[in-house]
Each structure stands twice: as C-alpha cells, then as structure tokens.
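Me: I've got a model open and I'd like to learn how to read it feature by feature. Can you walk me through it?

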Amino acid sequence: MFSMKHTMLALAATLAMATATAQTVPADQQGRPAGAPDMFAVWKAAAAVDTLRTVDGKLPPLNAKGKALYNKRVKARAAGKPIDDSTVDCLPHGLPRLMLSDYPFRLYQKPTFVAFAHELTHYFRVAYLNEKSKDVDDLDPTYTGYPVSVYEGDTLVVTSNGFNDETTMDRSGLPKSAALVLTERYRLINAGKQLELTFTVDDKTWYTKPWTARMVYDRNETNQLLNEYVCTDQNPEATRK
Amino acid sequence: MAILLAVRTRCAALVVAVSMVALVGTAAAQQAPRPTPPIPAAQKVGKSPDPRNLEGVWFTGGYDRTFKQLDRSEPPFNAATRKEWLRHIQAEKDGTPIGDAPTRCYPHGVPRLIASPYPIQIIQTPGLLTILHEVGHNIRYVHMNQKPPANVKPSFLGYSVGHWDEDTLVIETTALNTRTRIDEEGIVHSDKLKVTEYIRKVDDGQRLEDIIHIEDPGSFIKPWDARRNFNWRPDLHLTEYICEENNRNAPNESGFTTAK
C-alpha cells in the first residue's frame, strides 16, 4: 500500500518532528521517562504506622540480640521513658521510618531521577535513575543512605545502602544497623488512586533473614501545599513522631 | 499499519534518547562539608537552550555572609535597624554572637537561604517550581502564576509565587516571620518584608543571576537590591546536611578537623 519512498519520507519527517519537539518541550512538561507509570503527585498515608509488621502480619524476624534490644526499647517506652529515638532531638527519621508517617510527600518524576519531598521535617531525597548502588565501604553513613532508582515495568524500585545506625526502623524501636540494604518497590493500585510501597529490609545485624512490609498512600492533588514543618525541642509534634 | 506503529516506537525511543543525552550528568557525589569544588574544565553535559529551563543543580561561586547593595554600599537602613545591625556586629566582635534561626536549625528565611554556600536543585513541574536546598535540607516551593492566598500564616520561608516576564523568572515572597535575618552578619527585618527575585540564565546558561529586591518599610528608608549568582553544576549531587548533628568539627577537604 505504501511505496518504500513514501515510507522513508514519512519516517524522516516524523523523526525530524520528534527531534524538534524534544528540544522545545518546556521544562515543566518534561516528566517521567516514556512508559513509566504516572506517580507524580502528593501522596499521603491514611494512618501512620507505629509498629512494623511483615506482609505476613508478624513481627519481623529478629535474631537473639535483636530481640534483646527491641524488648529493652519496648519496656522503656511502656514505662513512659522511651530510649533510642532520634526524632525526639529533631534528628531525622531515616528510612524506612519516614515512609511510615501520615504526613504527605510529593513524588517527582524526571527523566534522570525521582525525588521525594516530605512535609515532615521538610526532608527530601533524590534517587538518580539507572545509577548503580555504591559499595557500602565507599559511602559515608547517612540518615538518607545512598538511593538509586530504576523502573521495572510498572514498578519504581529504589535501592539504598550506606545508612548510619542512628535511627530505628519504626517508632516502636525495631533495630536498624549500617548494614541495612533497603529495597522499595512503588506501584500504582486501585486504578491509580493509591500508591503501594512494598519494601524489603535486609539487615543481617539484627534479623535472621530479609523481610518485607507494605504501606499504601492515597493520591492527593499534585500541587497541594505542603506546610512548613519545623521541629524544635519545644515542638510537641517532635515527640509525637 | 505495522510500519507506522514501528515508526512511532522508534520516534519515542529517539525522544527519550535525546532527552537522556541532554540531561544525564557525570555523577560525582560530594561529601559535607562544602568547600566549593572547582568547576570541571569541560562540562560533559549540554545545557538546555531553553531560557525558561532552570532545572538542575546550581552552586554559588563564593560566599558573602553580608548583604550589600549592588554598588557594595550598606543597605539603606532606618536608624533603628542600623543600630541593631551594629549591635550584632559588635556582639560578634565581643565573642558573644547573637544566634538566629539557622543557629537553632530553623530555616534561614528569605533571602538568606539562597545565599548559603551549599548547592541547590531546581525542579520544574506544571504550576510549581521547587528548590531543594542542601543546607538544612530546606525546600522552597514557588507557586507559579497565582496570587498568595489571603491570611497566610507567616513562616520561616514565607509564601512564594512566581511568573515569567519574558525570560526572567520573577519570584515574590511574603508572609515571612520575623525570626530570621536577611544576612548572617546582622540585618534584621520586620513583618513588612517582601522579597522579589529576578532570576535569569546568563553566560550561555552557565550561570543564574538572581537580583534580590528587598522592600521593608519597617527596616529600610527605601527598597534596595542585592545580587547573587549561581554556577550550573551538572557534576554535583546534593548531599545530606543535618543541622541538628551540630557537626562543627567535620574534617575539611584535607581531612583535618579543628577539634581541640
């Protein structure tokens, strides 16, 4: 039906148009790479998670010294004197704990990175796409770790290592060490109205094996205002999280 | 039909490839603290030719802890504010500097935040321009093409709205609380402060120029302008900065601390 010449001309014309379009698309319309799911929005958990459970509904598989440390923390908290909680002094929540709050965050998707900007303590992290994780020995331990990201079909995968050991996995005090490798898998569910996070914790210091937990966030208006959240010693909010 | 579909797929791949080539940088994560690393002799990544594309990492060339007018003269203080300014300078000389917002890890305020010697990352999305600040992991949100809501509660970083005037981004910030200073040295401000920034790409997109127009009839006898410039740094990623760690004895670039 089409002559070869016609097809080649059409191809050349379309390619030329595509090139011109790539150069003139305004910055604020360049978003996620072609084929990536549309996760660019403000997301908010319906309820904060205080104590992590695995996807099987169980307490994570602590080893012996993990159990001892966790029991110590649980007892202290029950007695009204919580210990080992970085956030009381307005130090960061770290990951995965930050993802367990019910404060909103915005997930940005760009051709070369994804970024999470949180209302809670105005925290952010940028995970560059298709970067390889670094060797943990080449990283300064941080609260954020070193996140890298990749799209696997309909799932955004963020892998992080290089964490310090100053924080806990959750508010209840589940132990967390600098050996943690955290793998987060984000996927749209419920016709795009919700974002499911399934994350795997691999921390050989405190757990007998890797374990997986799940959070779900509701989609909010993309340009919803994120309030200024300022933590101070005097801020009662600081001790609530 | 199959041929046309194949053409579309190749076009999509070409568009992605072009944008990836334009934007992928050579990552060289820097560790805190932040002496300004030298700009690589050859920036491997092409800049966007679009004057309205401000995306990427930008970093001041140097740090001026004071705010001066464009001709380097002191701001046009009213008498009370000039007295406060001198009091701050003297207190520092006396060894008892007067702390302010970032001393206690609050956001620095505007315009002080953008003068900080730490990189920023600008992200543009429909209706919103976001500035990620490495310093204190502060975040500024610029709401594009709208007016601020009525009765905005004052905050450390205020409420910013922006619009494009030809190829200049105009950011207007109001609702700034009075718990911040305009500079590090000692310029206080009142609750009437309004900061208007005129930002544009200069030097073939290698730099951002930010003309900072300060209006505060509670502190100055007339409006005045300062300037800050930023270099385009695709070689940098923002690193973690946790003010609350109070890490005053971090090693310098030679690996030495000043701890006694």
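Me: What share of chain B is made up of buried residues?

Reply: Chain B has 260 residues, and 36% of them are buried.

Me: Since this is a prediction, how should I treat the confidence scores?

Reply: The general idea is that coordinates with low pLDDT should not be read in detail. Chain A has an average pLDDT of 88, with 84% of its residues scoring at least 70.

Me: Where in chain A does pLDDT stay under 50?

Reply: One stretch is residues 10-24 of chain A, where the model has 15 contacts beyond four places in sequence. Another is residues 236-241 of chain A, with 11 such contacts.

Me: Okay, on to the fold. How many helices and strands are there in chain A?

Reply: Chain A has three helices and nine strands. Going along the sequence, the pattern is α-β-α-β-β-β-β-β-β-β-β-α. Chain B comes to two helices and nine strands, and from its N terminus the order is α-β-α-β-β-β-β-β-β-β-β.

Me: What do the contacts say about sequence separation?

Reply: Take the contacts with a separation of 6 or more. In chain A, 58% of these are between residues 24 or more positions apart; in chain B, the figure is 59%.

Me: How do I read strand pairing?

Reply: Strands of a sheet pair through backbone hydrogen bonds, in either a parallel or an antiparallel way. For an antiparallel case, look at β3(A), residues 113-118: five bridges join this strand to β4(A). Within that pair, Ala115(A) sits opposite Val126(A).

Me: Does β4(A) pair in the parallel or the antiparallel sense with β5(A)?

Reply: Parallel: β4(A) and β5(A), residues 146-152, pair over two bridges. Leu129(A) stands opposite Ser149(A) there.

Me: How many residues of β4(A) are buried?

Reply: Six of six, so to speak: β4(A), residues 124-129, is mostly covered. As a general point, side chains in a regular strand alternate between the two faces of the sheet.

Me: And the strands in chain B?

Reply: They make a closed barrel of nine strands, running β1-β2-β3-β4-β5-β6-β7-β8-β9 (chain B) with mixed pairing. From one strand to the next, the twist averages 30°. Zoom in on β3(B), residues 128-133, and β4(B), residues 139-144: they pair antiparallel over five bridges. Ile131(B) stands opposite Arg140(B) in β4(B).

Me: Which residues touch the most other members of the largest nonpolar core?

Reply: Ala115(A), Phe124(A) and Trp58(B) do, in a core of 65 residues. A second, separate core has 22 residues, including Leu113(B), Leu193(B), Val195(B) and Ile214(B).

Me: What is Trp58(B) in contact with, leaving aside its neighbours within four places in sequence?

Reply: Its contacts are Pro119(B), Ile120(B), Ile122(B), Leu208(B), Phe230(B), Asn231(B), Trp232(B) and Arg233(B).

Technical notes: Residues numbered from 1 in each chain as written. Chains lettered and ligands numbered in written order. Predicted model: local features only at pLDDT ≥ 70, side-chain atom pairs only at ≥ 80, totals over all residues. Buried ≥ 20, exposed ≤ 12 C-beta atoms within 10 Å, placed from the backbone. Helix = DSSP H or I, 4+ residues; strand = E, 2+ residues; numbered from the N terminus. Pairing = 2+ DSSP bridges. Contact = placed C-beta atoms within 7 Å. Axes fitted to C-alpha atoms, helices over the stretch in contact; angles between N-to-C directions. pLDDT = per-residue confidence, 0-100. Core = buried A, V, L, I, M, F, W, Y, C linked by C-beta atoms within 7 Å.
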